Each structure stands twice: as C-alpha cells, then as structure tokens.
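Hi there,

Here is the structure I promised to pass on to you. Have a look at it first, and then read my notes below.

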Amino acid sequence: MTKIKSVRTRVWNWKGKTVPPQGNFCTNASDALYDRGDAMGSFRFHQWLTCEVETECGMIGIGNAALAPSLVKLAIDEHYAPMVIGEDPFDYAYLWEKMYRRTHAWGRKGVGMTAISAVDIAIWDLMGKLTNKPVFKLLGGRTKEKIPVYYSKLYADSVEAMQAEAEEAMKNGYQGFKTRFGYGPKDGMKGMRENLKRVEAVREVIGYDTDLMLECYMGWNLDYTKRMLPKLEKFEPRWLEEPVIADDIHGYAELNKGPIPISGGEHEFSLMGFRQLLDLRAISVIQYDTNRVGGITAAQKINALAEAYQVPVIPHAGQMHNYHLTMANVNCPISEYFPVFDVEVGNELFYYIFEGDPDAVDGYLDLDDNKPGLGISISDKYLADFEVTE
Ligand SMILES: O=C(O)C(=O)C[C@@H](O)CO
Ligand SMILES: [Mg+2]
C-alpha cells in the first residue's frame, strides 16, 4: 500500500493573447443587474487550478478545477489536503465523505465542493496510474466504440459570422451543435427577434438532421422563457439549457413540462442536489460538471441515480474526466466538445495547460485502452503565457 504524501495546488493565470468577444455574445445570470457592461466581462474566466496528489512511491495524480481557482486553492491547502495526506488513495469513497462531512457547514456547495472535486479527480487519476489502467476501465469500462461529440461554441454574433462558423464546423462531422443566446428579458421583443433570427440562421446551415442545443447560461427568467419556448419549438432544439438561475429548481420543473427538453445541472452540486432535480422532474438532461459536482466519485453516483430515472447524463464541458465517465456509462450518450481555438471565454484554457486531450475527428473521439489514469499531463508548452501562483 502506498500512502498520499503531498498535495500541490497551482493557479494558472492566463497572460497570453485573448480574443475579445463581441457584445451580447452570451446571456448570463448577471444580466439581471443594471451594470450590464461589467456582467459580460465577469462572465469570462482566464484562470485554472491544477491539483497534484503525490504518493510515497512518487506517483502523481492530476486533478483540476476551473471556477474561482485562487479560493479553491486556499480551501485545498488549508482544509482538504491535510484530510487526505497519510491516507490510502484507494479508500476514495471514505476520503470523499471525510472531505464532505468535515466541511459540511461551509463546503457542501460552491467553492468547497469544487475543491473536493479537484482532489477527487486527482485521486482517480492516481488509482488509474497505480493499477496501470485508464480511469474508464475502473468505472465500468468501454461502453462505446467511440464517443460522439457535439460542437460547443457558436456564441451569439452577427448572423453572417455565426453561419460561417457553423459551415466551417460542419466539415468535421460533429454529432450536434450548441449555440448561445445573446439577448434576454431586458432586450424585449426586439431581442427576442434577434435570438430567433440566429437560431433560424444556424438551422439553415446545419439542417434538421442533426441536433441543435440552445444555451441561455441562466440569463433568462421564468416569464421570458415561457414566452420564448413556443417560438423556439419549430426549430426542434434537442434541449434548452439553463434558462433560469440554478437555484430556481421549481422554475426548471415548470418549464420541463413543455415539449422542449430542459437541460441543466452544470451549477448543481453532489448527489443530493441532483436527487432534488430528478424528484421534481426538473431537467430532461443532466449536465453536471465533474470538476464542480464532487469529482468522479460523486459523478458516478449521480450516473446511477439518473439511470434509474432514465434521464441521460451529458457532462458539462470537454476534458478528460468527463470523457472517461461518458465512456464508462451507457446512459451518457454524447460528450460536449470545445473546439480548439485561441483563448476567448476561458473554456479553452485547459488545452493550454494539459497535454493529452483527444481531438475530435469526424465528430467522434476515442480514449486509449492502454493509457493509465486520465491520460493527461501538465504541459510546459505555453508556460510563458501564464503567471503561475503556488
Ligand atoms: O458549455 C456550456 O454548457 C457552458 O455553459 C459554458 C459557457 O461558455 C456558457 O455557454
Ligand atoms: Mg452550459
């Protein structure tokens, strides 16, 4: 048995070239505030956290988290690292409960659970490396020849720019496309028309034989969404994503009674959070984010629960931890895929920190049966573009 010797956390602050997004590129929860200019700025994040858990035998497992990394770092350094040091990484279920229960008063959602996620993902990477198996083989194994992926970008822009982007993306055979709305409740009827114009324009390019997902990123409200849903029906969306804020689970339940499936969960935490959503039939597609929800240990429990409710799980974001879970579960039909682009909103940053993420080829990606752990390493290729704090 080898024990955990140390936990190393680093915050990666992107200092390299950043593509400025055009205004109204994506609605978000801050749109309800009067200071809208700042809301668009604060939506973007250009920091990441890496969490390396090392054993006495010198094996290192890598975890990561994308939200509020400097706070997550502090939480790990001061609270969670001491709870796992000296322990056997294969006692992962116990370690998860220890992190969860000892910080329950403040850590069960948000920053605390994000920190637990980063440590847990590192422990799973470690278990894979120590057993010389890819993580998906420890989770249930291969359930798909390859993982179908959907193209996730198409931020709101001019109709021409969005159509050109969709046309370019079509060449890679993606199994679906996700676009973002740019207008919400404050933009009135005129904004509604702008939204509808763009959905129609994307459908015009991709046709009706492929899935189209529509993302609100919590930038609408219940009333606005109820008015939009009938207007969207004719575009046959695969789902409408996070129309209202994450805490409005009754709003989700009401909206999900209609003909367009409502998706969400990207900002929900732990098995208990998903039980509430499922009990209310609030979402038709679960989109937990493994590096927020409680890591792979929590994600696997949610997968089992979702299967019992027959609700598919399509984790938020690309990234290896999500691909391994998708590969190992029949009820995870497809993966989100962020195409590799210059740094814009921050979703792309992991491509600059890690090496090993697979490229989508003809709309699919695959995982290597012989690569132990998650199959990623920390790269120094773009080191000069980051300010790293330790
Ligand atoms: O990819 C998603 O589902 C997100 O919510 C990411 C963010 O970029 C807003 O679309
Ligand atoms: Mg989303």
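Ala-105 is exposed, with a relative accessible area of 83% (with a 1.4 Å probe and protein chains only, buried means under 20% relative accessible area, exposed over 50%, and partly exposed in between). Ala-105 sits in helix α4, residues 104–107 (helices are DSSP runs of H or I with at least four residues, strands are runs of E with at least two, and both are numbered from the N terminus). Between the C-alpha atoms of Ala-105 and Ala-156 there are 40 Å in space, and the two are 51 residues apart in sequence.

Before you go further, some housekeeping. This is a predicted model, in which local features need pLDDT of at least 70 and side-chain atom pairs count only at pLDDT 80 or more, while totals for chains, interfaces and linings use all residues. Residues are numbered from 1 along each chain as its sequence is written, chains are lettered from A and ligands numbered from 1 in the order in which they are written, and side-chain values use heavy atoms, with hydrogens and water left out. The chain has a mean pLDDT of 96, and 98% of its residues reach 70 or more (pLDDT is the predictor's confidence in each residue, from 0 to 100). The model's scores are ipTM 0.98 and pTM 0.97.

Now to the helix pairs. Helix α3 (residues 92–102) packs against helix α5 (residues 111–131) at an angle of about 165 degrees, with the axes 10 Å apart. That makes α3 roughly antiparallel to α5. For the terms: axes are lines fitted to C-alpha atoms, for helices over the stretch in contact, and angles run from 0 to 180 degrees between N-to-C directions; under 35 degrees counts as roughly parallel, over 145 as roughly antiparallel, 65 to 115 as roughly perpendicular and the rest as oblique. From α3, residues including Tyr-92, Trp-96 and Tyr-100 meet residues of α5, among them Met-113, Asp-120 and Trp-124 (contact means heavy atoms within 4.5 Å). By class, this contact of α3 with α5 has 11 nonpolar, no polar and 1 charged residues (Ala, Val, Leu, Ile, Met, Phe, Trp, Tyr, Cys and Pro count as nonpolar, Asp, Glu, Lys and Arg as charged, and the others, Gly among them, as polar).

Helix α2 (residues 69–84) also meets α5: their axes come within 9 Å and cross at roughly 55 degrees. The two helices α2 and α5 are therefore oblique to each other. Leu-71, Ala-75 and Tyr-80 are among the α2 residues in this contact, and Gly-112, Thr-114 and Ile-123 among those of α5. The contact of α2 with α5 has 12 nonpolar, 2 polar and no charged residues.

For helix α8 (residues 188–206) and α9, the axes cross at roughly 40 degrees and come within 11 Å. So α8 and α9 are oblique to each other too. Their contact includes Met-189 and Asn-195 of α8 and Arg-227 and Lys-231 of α9.

Which residues of α14 are buried? Met-320, His-321, Asn-322, Tyr-323, His-324, Leu-325, Thr-326, Met-327 and Ala-328 are, which is 9 of the 9 residues in this helix, 320–328.

Most residues other than glycine have a negative phi. Tyr-217, however, has a positive phi of about 45 degrees; Tyr-217 is in the loop between β6 (211–215) and α9 (222–232) and is buried, with a relative accessible area of 16%. Glu-236 has a positive phi as well, near 50 degrees, and lies in the loop between α9 and β7 (239–241).

Best wishes
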